[in-house]
Amino acid sequence: MSENTITFEIDGVEVQGTAGQTIMQAADVAGIYIPRLCAFDGLEPFGSCRVCTVKVNGRFQSACTQPIAEGIIVENDSEELLELRRNLVDMLFVEGNHFCMFCEKSGNCELQALAYRLGIAAPKYPYMFPADRNVDATHKDVFIDHNRCILCARCVRASRDLDGKNVFQFVGRGPQKRIAVNSRARLVDTDLNVTDKAVEVCPVGAILTKHVGYSIPVGKRKYDHTPIGADIEANKK
Amino acid sequence: MQDTQDLKRVVIEPVTRVEGHGKVTILLDEDNKVKQARLHIVEFRGFERFIQGRPYWEAPVLVQRLCGICPVSHHLAAAKAMDLIVGVDQLTPTAEKMRRLMHYGQMFQSHSLHFFHLASPDLLFGFDADVAVRNVIGVAAAHKDLAVQGVMMRKYGQEIIKATAGKKIHGTGAIPGGVNKNLTIEERDAFLKDIDQMTEWSRGALKIAKDYTVENLEAVAPFGSFDSNHVSLIREDGAMDLYHGNLRAIDAQGEKIFDQVDYQNYLDYIVEDVRDWSYMKFPFIKSLGVDDGWYRVGPLARVNACDFIDTPEAEAARKEFMAVTDGKPNNLTMAYHWARMIETLHSIEKIRELLEDPDLQGTDLVLKGDRRPEGVGLIEAPRGTLFHHYKVNDDDQVEMANLIVSTTSNNEPMNRAVSKVAMDHISGKPEITEGLLNHIEVAIRAYDPCLSCATHALGKMPLTVRLVDNDGNEVAKKST
Ligand code: SF4
């Protein structure tokens, strides 16, 4: 065991990680799934959605940003945390216009899959049905449907850090916060390419490749048979 | 304008709702004579606005929200329009046949549901039989086999929908230019296993509908009946084709008003009239004008309009049907049931044909062509011709959608049927009983409109009847 090895505990199970890892990274390697939406492998942690909230020595922390430390006691799969995550996912649902029954991302959508995994049948908060969200379909190959954006900033980070382009940024604050392209321009005015990472990483049906639609039949979609997080849990020894 | 002052008003209104809803208003004078009877249907046209700005490939899935009763018909009509939008005039054999299988599955389950659950109580027990018996539970008690058959036939059709569309409701199977899956050997064999049974039961249901009509012809013939034009899609050789064809319109005597019309030009032939007392429009045949141009769609219109049916048993049944009216179109409202069961048998014959076709296991599923700005998709839905018309902008967003659903085409005919029955059966009666009011429902139900007053699946007629005078004061109220 190298001196970089850090030993700690998640839900009573001993986990070993390497110095510099976040709790989420170490848990992933150990095959313990911590729910998440804004975090994405290969992107800088962002810590905005709070779905990965765990308790570290009794205090709430986001697992995607919190580094591991020797001997910490992490609580992940408790009823209290599950309820907190349900509430967060619930709020994301009612804040936008998410109509799973006809959304082409259905079955491949992380928000939907997470709701299923957390056992949310229908949101308990009232739908807000925002009327100010539009669709930008000006680009030849890609479109954005702001109705479904959950402001996770994956596209912002991917465009900036992986594509080297800065196509997406946030504008506005609080409830008015929105994803914009090159500050309020149209998608067609950017140098976005359909093969960009920024297009691929959107967890929901907000940034989509055009003309793909429903080409994957029901039954063959990513989460039709396996719940979200199953790939991580497969790492368990 | 008819003078409606000093008249009493009877309103038949459904309490429970399914998709859209309707109510019947009957105006009575002091002697309880019917002066006017109207069916008002609230049609949800929100979809046409809602789809604006959405990407075109969403339409076939999104449009299924429009109707919980026959979503597959909307799915396919929209997909057919979108085929043209993506520049595809002819699908691959696998795609075309998968869609047809989906459609015949839908036809089979919808017609079975209607016949066994909604129509058979009236036919088996009589229109004014005790309402406690005259329902699907009553059918289950008195004719156990029939009730079971109804459930199993519906299920068979739904399983076909699931195997072709991915889900029983809100499937995604038909995509612009094709389909997203084929049929596996296992799926095929599961359907083939039960097909003989389904065919047998379809023959039985057809016999009930036929015997009922023929044996009660004297009572059935005038019931809510009237001469009308009939509109249907027709194959190029004149055969019935429920999935695709050209438009044909015939008059009450069977003379052609137009024939083999490419439905891309439907606007040159069909116009929609608006009336101040109804939310639902009244389509009519342009060349005949608003007064004479109204027409019927659905099973009756299709059996009347086609030259032949291309499956042997349904064709034999069609000949028997046409013989009753000496080969002329049958204009009886109650003949819808018989025609509907001919189509049920035709659908199961078609399903067998398709299941035995190896093209369903093909892997060429989608084609692509050059994008076009506009497309019209028509299909013969269980309740009649369904029109979907879209314009799509250069950014791939739907700019305009226009739909004519079959219940809209049958709006004027249903109003005529309601008027006729009200005049014949309610006018001048001292007391309006539940049985009498059911006569009105029976007439509406023959058209199988997608509104809740036509469904009393739970065995209770969902009606509130209000007697209201012309100032809107309630004179009496009756709930069943
Ligand atoms: S568009 Fe997608 S990736 Fe970008 S912030 Fe919204 S949800 Fe996240």
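Start in chain B by selecting strands β6 and β11: they run parallel and are joined by two bridges. Strands here, of at least two residues (E), and helices, of at least four residues (H or I), are DSSP runs numbered from the N terminus. Two strands pair if DSSP finds at least two bridges between them. Everything on this tour belongs to a predicted model, in which local features need pLDDT of at least 70, side-chain atom pairs count only at pLDDT 80 or more, and totals for chains, interfaces and linings use all residues. Residues are numbered from 1 along each chain as its sequence is written, chains are lettered from A and ligands numbered from 1 in the order in which they are written, and side-chain values use heavy atoms, with hydrogens and water left out.

Stay with this pair and find B:His230, which stands opposite B:Arg296 in β11 of chain B. Now widen the selection to the open sheet of four strands, whose order in chain B is β8-β7-β6-β11, with mixed pairing. Its edge strands are β8 (256–261) and β11 (295–296) of chain B, each pairing on one side only. In general, strands of a sheet pair through backbone hydrogen bonds, either parallel or antiparallel.

For an antiparallel case, select strand β9 (residues 270–273) and β10 of chain B, which pair over four bridges. B:Glu272 has B:Pro283 in β10 of chain B as its bridge partner. Next, show the side chains of strand β10 (residues 282–285) of chain B: B:Phe282 and B:Phe284 point one way, B:Pro283 and B:Ile285 the other, and all are buried. Buried means under 20% relative accessible area, exposed over 50%, and partly exposed in between (1.4 Å probe, protein chains only).

The next stops are salt bridges, in which a side-chain nitrogen of Lys or Arg lies within 4 Å of a carboxyl oxygen of Asp or Glu. A search of the whole structure finds 51 salt bridges over all chains.

Select B:Glu96 and B:Arg100, whose side chains meet in a salt bridge (2.8 Å, N to O). The two are separated by about one helical turn because they are four residues apart in helix α4 (residues 93–125) of chain B. Are B:Glu96 and B:Arg100 buried or exposed? Both B:Glu96 and B:Arg100 are buried.

Move on to B:Glu320 and B:Lys210, which meet in a salt bridge (3.4 Å, N to O). B:Glu320 lies in helix α11 (residues 312–323) of chain B and B:Lys210 in helix α7 (residues 185–215) of chain B, so the pair ties together parts that are 110 residues apart in sequence. B:Glu320 is partly exposed, with a relative accessible area of 41%, and B:Lys210 is partly exposed at 22%. A network can be picked out next: salt bridges that share partners join B:Arg235, B:Asp237, B:Asp310, B:Lys350 and B:Glu353.

The last stop in chain B is B:Val151, in helix α6 (residues 144–165) of chain B. With a relative accessibility of 44%, B:Val151 counts as partly exposed.

Now turn to chain A and select A:Leu151, in the loop between β7 (142–145) and α4 (154–162) of chain A. Its phi is near 55°, a positive value in a residue other than glycine. A:Leu151 is partly exposed, with a relative accessible area of 25%.

A:Asn166, in the loop between α4 and β8 (168–171) of chain A, also has a positive phi, of about 65°, although it is not a glycine. A:Asn166 counts as partly exposed at 37% relative accessibility.

Finish with A:Leu187, in the loop between β9 (178–181) and α5 (197–200) of chain A. A:Leu187 is buried, with a relative accessible area of 0%.
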